[in-house]
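Colleague: Could you walk me through how the pieces of this chain pack together? I have a few questions ready.

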Amino acid sequence: MSVLTQPTTYTIPNPITWIKKDARHFQIVYLTAFLLFGIFKLGWEADIFKYVAIFTTGLAIQSIGIHFTTKNYTGLKSALITCLGLCLLLNATSIWIFILATVIAIGSKFLIRFKGKHLFNPANIGLVAAILITGQAWVSPGQWGSSVIFIYFLGAAALIVLLKVGRIDTSLAFLGTFSGLVFIKTVLYQGWPLDHFVHYLSNGTLLLFTFFMITDPVTTPRHSTARIIWAAVIGIITFILASEFHVNSAAPIWALIAITPFTIILNKIFKAKQFKW
Amino acid sequence: MVNIMNKIAIIFLALLVTVSPAFSFCGFYVAKAEAQLFNEQSSVIIARHDGQTVITMSNDFKGPLDEFAMVVPVPEVLTKDRIRIADQKIFDKLDAYSGPRIVEYNDPNPCQPMYALEEMSTMRFKSARNEAPAADMVEDEKDYGVQIVESYTVGEYDILILSANESNGLERWLIDNDYKIPVGAQEVLEPYIKNDMKFFVVKVNLKKAKQNGYNTLRPIQMTFQTDKFMLPIRLGMANAKGNQDLIVYSLTKKGMTEATNYKTTKIPTNKEIPEFVEARFGEFYVDLFDKTWKQDKDAVYVEYGWDLSSNNFVKCDPCVTNPPVYADLREAGIFWVDDNTQRQFRTTADYNGDVYLTRLHVRYNRSTFPQDLKFQETPNKESFQGRYVMNHPAQGDLTCDAGKNYLKDVVKRRTNELENLADLTGWNTQGEYAAYVGKYEKMIDKNYKKDNDSGTDENGFIKALPKKGAMLLIGTIANGGGSNGPGAGMFIMFYVLCLTAFSWYWIRQGKLSVV
């Protein structure tokens with residue numbers, strides 16, 4: 001009854017309005033859906049401690065960071081997205097590695113900054129650091145299987161998210177470059193049938209990377225031309241890693257970390273306003 | 001709100017129920033399912049470390065020896081010293097060691113507590129191999145754009161390493177040299193040629209085979225250096241009639257091997273199954289695999305994974321056979337462990353070094369596996385095995401009070417076991433197997449007819465239990481859709497709590513207000 005006497009701001013938010021309000025709301029909802037899809041439909045071994053460790057650490061570090069900086073707690077939404085990303089991509093032999101990865105991921109947002117914004121994609125640096133430092137972490141690119149329905153679902157969902165934020169250009173530039181090169185090599189040159197090529201693209205990790213990792217508006221270059229160049233270069237590096245160096249596992253993640261420092265240069269050449277949530 | 005609280009309470013309760021300890025690795029091994037049960041199957045051992053790769057191939061070829069030919073794309077020219085003949089026994093040994101198994105437990109008699117003796121029995125399934133007559137290989141000089149880079153005989157095999165410029169020429173060369181290449185092989189050969197692969201072409205040297213008295217084909221082992229951790233399966237699809245089963249024994253240093261371009265998933269394990277399955281265990285496992293595969297046709301299944309490192313004391317639990325020793329590991333192609341057979345005080349193994357064995361089962365065909373198998377070695381050292389549990393009810397007099405409860409438990413357990421069996425294999429458990437439960441129901445009736453009243457006895461709780469719908473639903477939620485462990489349910493709960501807390505916080509902050 002008391003609800004009725006509260007001011008309007010205290011009523012339960014309408015979910016649709018809430019989702020439309022901030023692109024991050026979309027991401028949270030969709031990434032959660034993917035995680036649940038993985039656990040229930042794909043039969044991932046849901047490890048409660050892994051998820052608890054990642055979410056608790058992530059939100060705690062973000063809260064501490066915010067407390068000492070902006071005091072604007074909406075940043076917790078970004079932390080939630082990073083945590084979801086880590087849950088979806090990272091595997092490790094010990095709970096401490098998940099905690100370490102999350103600390104590095106979120107910590108990097110506050111410690112490694114250039115001209116007032118963080119440099120590295122948090123989930124990306126968390127993954128790479130965990131793999132390199134401990135040697136006991138890995139990414140399982142095959143964990144999604146290759147169900148076509150799922151691809152459709154992921155693609156469609158991702159499109160909605162991206163159209164809201166206006167970062168579809170990076171996704172398309174990356175995917176276009178990478179798949180174009182793969183197509184030229186495997187289908188046109190080597191003569192593999194088309195389903196060989198389609199199988200490349202029906203990889204959940206690749207699509208997750210494409211639509212949810214390199215679209216982060218804060219760590220991508222500001223200018224749209226720069227973004228397209230940047231994403232295309234990631235596509236080229238990914239292709240080289242996968243096809244020349246036979247990096248079977250998570251090539252885009254290595255490509256992204258390698259290209260990150262060049263974001264600064266691209267931002268110098270192509271000037272544009274910094275994105276704000 | 002009350003409703004939601006109720007639901008949360010139910011989920012909590014369900015978690016408490018399902019978190020009860022699963023069977024730990026123990027019990028006695030009694031039967032195993034061997035890989036030879038599957039038709040159209042081949043086995044491969046890959047031992048790999050730092051790019052150095054040793055592949056051993058076993059073939060289930062059943063026709064005449066002169067009809068046998070094998071073409072394998074290899075990343076580099078293999079000289080004679082890189083090829084050797086391996087002992088088929090290594091496959092049998094690894095197969096026996098890592099195959100799915102039944103373990104059994106004997107219930108103690110609640111009326112006369114004592115140690116029960118375990119009965120052990122083993123089953124073996126033998127694969128028949130055919131003998132074969134002889135003929136010779138034809139050499140040809142024509143120019144097909146094919147170059148014979150190496151040519152030698154190892155054991156009973158005549159081996160050629162071919163380098164080809166175009167698939168058309170290679171196909172013609174193979175056909176003209178009496179290799180029975182299926183129609184359409186050209187399409188499959190092309191990508192390998194373009195990828196600068198060489199072709200390892202094998203035929204049986206019938207004279208040598210006869211001389212040595214070999215009636216079956218022994219495995220070929222090849223060693224090479226490559227960045228690519230993969231198995232070319234596409235070539236084998238050219239002549240495949242349907243599905244082919246491939247067992248991959250991957251021996252690595254760090255940990256479990258998984259596919260990177262297909263989903264790697266584990267076969268159902270640690271399930272309680274009825275006693276009578278023991279006699280049909282091979283059939284049981286074939287049907288179990290079949291049913292599992294039908295739900296996920298483009299997956300790679302882990303059947304076994306174990307850390308065989310010299311410092312890991314427990315090399316299997318339960319052990320179906322003795323775990324591999326130094327000689328076996330060497331035979332399987334492992335080159336990085338040190339000989340420790342001479343040491344006086346052997347503790348855990350007769351070798352020094354790290355080894356992890358992953359047994360993967362792939363059922364592939366042209367449409368579900370468009371790409372060759374690519375793998376990665378993960379640091380994951382968990383132990384996994386296909387293990388099915390059989391419980392023997394207590395024998396003897398069960399007419400005491402505790403015996404009554406016990407019989408009811410047995411009925412419940414056996415009902416469960418039948419459900420598991422139907423669930424795992426798709427076997428019809430209604431008809432002929434009904435007596436499996438009925439026998440104990442009758443025993444209850446017989447023993448306790450006098451006091452079998454309205455159900456208000458001390459077992460009222462058990463009697464009230466079959467609210468199956470609800471239990472099943474809860475079980476499913478807490479089990480992650482019936483898959484693995486109790487994590488999913490707890491995760492959802494945690495996640496919902498988190499979201500609720502944050503939503504509440506944001507609402508208080510005025511950030512989530514409705515427009």
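Modeller: Happy to, and please keep in mind that this is a predicted model. Let's begin with a helix pair: α9 (residues 168-189) of chain A packs with α10 (residues 194-201) of chain A at an angle of about 150 degrees, their axes lying 10 Å apart.

Colleague: Which counts for α9(A) and α10(A), roughly parallel or roughly antiparallel?
Modeller: The angle between the two helices is about 150 degrees. Angles over 145 degrees count as roughly antiparallel. Therefore α9(A) and α10(A) are roughly antiparallel.

Colleague: And is the crossing of α9(A) and α10(A) left-handed or right-handed?
Modeller: Here we look at how the near helix is turned from the far one, clockwise giving the right-handed case. For α9(A) and α10(A), the crossing is right-handed.

Colleague: Zooming out, which element gives the most to the side of domain 1 of chain A that touches domain 2 of chain A?
Modeller: Chain A is divided into domain 1 (15-141) and domain 2 (163-269), and the contact takes 21 residues from domain 1 and 18 residues from domain 2. On the domain 1 side, elements that each supply at least two residues include α3 (23-41), α5 (75-89) and α7 (122-134). With five residues, the one that gives the most is α7(A).

Terms used: Residues are numbered from 1 along each chain as its sequence is written. Chains are lettered from A and ligands numbered from 1 in the order in which they are written. This is a predicted model: local features need pLDDT of at least 70, side-chain atom pairs count only at pLDDT 80 or more; totals for chains, interfaces and linings use all residues. Axes are lines fitted to C-alpha atoms, for helices over the stretch in contact, and angles run from 0 to 180 degrees between N-to-C directions. Helices (H or I, at least four residues) and strands (E, at least two) are DSSP runs, numbered from the N terminus. Angles under 35 degrees count as roughly parallel, over 145 as roughly antiparallel, 65 to 115 as roughly perpendicular and the rest as oblique. Domain bounds come from an automatic or database domain assignment. Two residues are in contact if their C-beta atoms, placed from the backbone, lie within 7 Å.
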